[in-house]
Amino acid sequence: MATLSSHSSDIEAAVRLLLGGNVIGLPTETVYGLAADGTNPAAVLRIFELKGRPKGHPLILHLGDVSWLERFARDVPEQAHELARRFWPGPLSLVLRRTALVPDEVTGGRESVALRMPAHPMALEVLRRLGRPLAAPSANLFGRVSPTTRAHVEEDFGDLVPLVLDGGATSQGVESTIVDFTGETPRILRHGGVTKSEIEAVLRQEIGELTHVRSRDVQAPGMLASHYAPNAAVVVLAPGELLGFLETLDPARFPASESVGLITQGLTRATLEQLGELTHRGQLHGLPEAECFTIAGTRRFEMVVVSGDARAAARCLYAALRHLDSCHVGTIVASLYDEGGIGVAVRDRLSRAAAPRPSLTEE
Ligand code: TXA
Ligand code: MG
């Protein structure tokens, strides 16, 4: 474990690099971000270059305090203030009308900006010392699985970023909920750690959500049907369907020579042993709720078993997808409890990971 003093020297280095216009990796409570000084257009452009992200796709501006909100957003509805007071710091981004202090490079030229105050102590410390907002998308290559540990960021960017602060595995595991306040009524653009019913309870009204978007209307990469995709194909099943599916795998689609990846919740050891000889491989990247197994039978399964509820599934999901990719499985079969709350965000990410993958140049 890093000591307190090495933390503070890392944070000083981070602030120095950011002031110098560099991009760094930074932990938040949701996923790791690829962060730059949000008031420095050249530094913000470097984020797009590193990620391979199309320039029109806007970034979230991260704030060090609730009081910064009025500096970067104007005509802020009282309802947005209510949500900020209740959920910040935390996994909620608010889309509001921007002020002139927000560069075009952050918003892709839009008149709106997404703002959020992250809850991770390292991110907050950097923001407070910097005294400026940080533009930060998730620290993954465009369209790939988001990072929840420092090692994930290094997998995608290696030496391309001068520093990735290590804040451990993230506590939420999926990206923030995004609520848009620029329309007539507030609307959820992306599900995340703050749930629809928690938001509705604060606002005392039902809120809408974005369901289907045509690609030319896409405001958020997270809205693209195919996103958050591992290298392996992804199949999503209800928990009751899993064993039947595995026992009758179609050899045309699942050749016996290819391992199959599994992400499951709530299966007993006895059930797993029906599939072949079970070997315990240890915990997934320091996540106590995720155990890795290999099953060798008529075919090989690489498996991540999640214990706990939907919050645990959210924390483990991206690390599990990345782990199974590193095992070179051809397909990942995911079967997690179908719960509400943050389970809605997990289901959303999985269905996007499973969606057909058009080439990124297609309309
Ligand atoms: O939890 C999170 O939100 C993480 C951490 C690092 O804070 N960040 C994150 O950033 O997920 P990114 O860039 O991967 O996703 C940001 C989402 C995108 O879908 C983007 O299109 C949307 O926010 N967004 C940003 N500005 C917007 C705006 N003005 N209007 C609509 N959507 C916006
Ligand atoms: Mg992202």
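Visitor: What should I know before reading any values?

Guide: This is a predicted model, in which local features need pLDDT of at least 70 and side-chain atom pairs count only at pLDDT 80 or more, while totals for chains, interfaces and linings use all residues. Residues are numbered from 1 along each chain as its sequence is written, chains are lettered from A and ligands numbered from 1 in the order in which they are written, and side-chain values use heavy atoms, with hydrogens and water left out.

Visitor: OK, how many residues are in the largest nonpolar core?

Guide: The largest nonpolar core has 62 residues, and those with the most contacts inside it are Leu94, Leu115 and Ile199. Helix H6, residues 121-130, gives the most to this core, with six residues. A nonpolar core here is a set of buried Ala, Val, Leu, Ile, Met, Phe, Trp, Tyr and Cys residues joined through side-chain atoms within 4.5 Å, and helices (H or I, at least four residues) and strands (E, at least two) are DSSP runs numbered from the N terminus.

Visitor: And is there another core apart from that one, and which residues are among its members?

Guide: Another core, of 33 residues, lies apart from it, and includes Cys316, Leu324, Ala334 and Ile342.

Visitor: Back to Leu115, what does it touch?

Guide: Not counting residues up to four places away in sequence, Leu115 touches Ile60, Leu61, Leu63, Leu69, Phe72, Ala73, Trp88, Leu92, Ser93, Leu94 and Leu96, where contact means heavy atoms within 4.5 Å.

Visitor: Ser112 next: buried or exposed?

Guide: Ser112 is buried, with a relative accessible area of 16%; the classes are buried under 20%, exposed over 50% and partly exposed in between, using a 1.4 Å probe and protein chains only. Ser112 belongs to strand S6, residues 112-116, and, leaving aside neighbours within four places in sequence, Ser112 is in contact with Val95, Leu96, Arg97, Arg98, Thr107 and Thr182.

Visitor: Changing topic, how many disulfides does a search of the whole structure find?

Guide: The search finds zero disulfides, a disulfide being a pair of cysteine sulfur atoms within 2.5 Å.

Visitor: What about Cys327?

Guide: The sulfur of Cys327 also has its closest cysteine sulfur in Cys292, at 7.4 Å, too far for a bond, and Cys327 is partly exposed, with a relative accessible area of 21%.

Visitor: How do H11 and H12 cross?

Guide: The axes of helix H11 (residues 310-326) and helix H12 (residues 343-354) come within 8 Å and cross at roughly 30 degrees. Axes are lines fitted to C-alpha atoms, for helices over the stretch in contact, with angles from 0 to 180 degrees between N-to-C directions.

Visitor: Which residues meet there?

Guide: Ala310, Ala313, Ala314, Leu317 and Tyr318 in H11 meet Gly343, Val346, Arg349 and Leu350 in H12.

Visitor: Last one: how far apart are Phe245 and Val333?

Guide: Phe245 and Val333 are 88 residues apart in sequence and 9.6 Å apart in space, C-alpha to C-alpha. Phe245 lies in helix H9, residues 242-247, and, setting aside neighbours within four places in sequence, Phe245 is in contact with Val235, Leu237, Phe254 and Val333.
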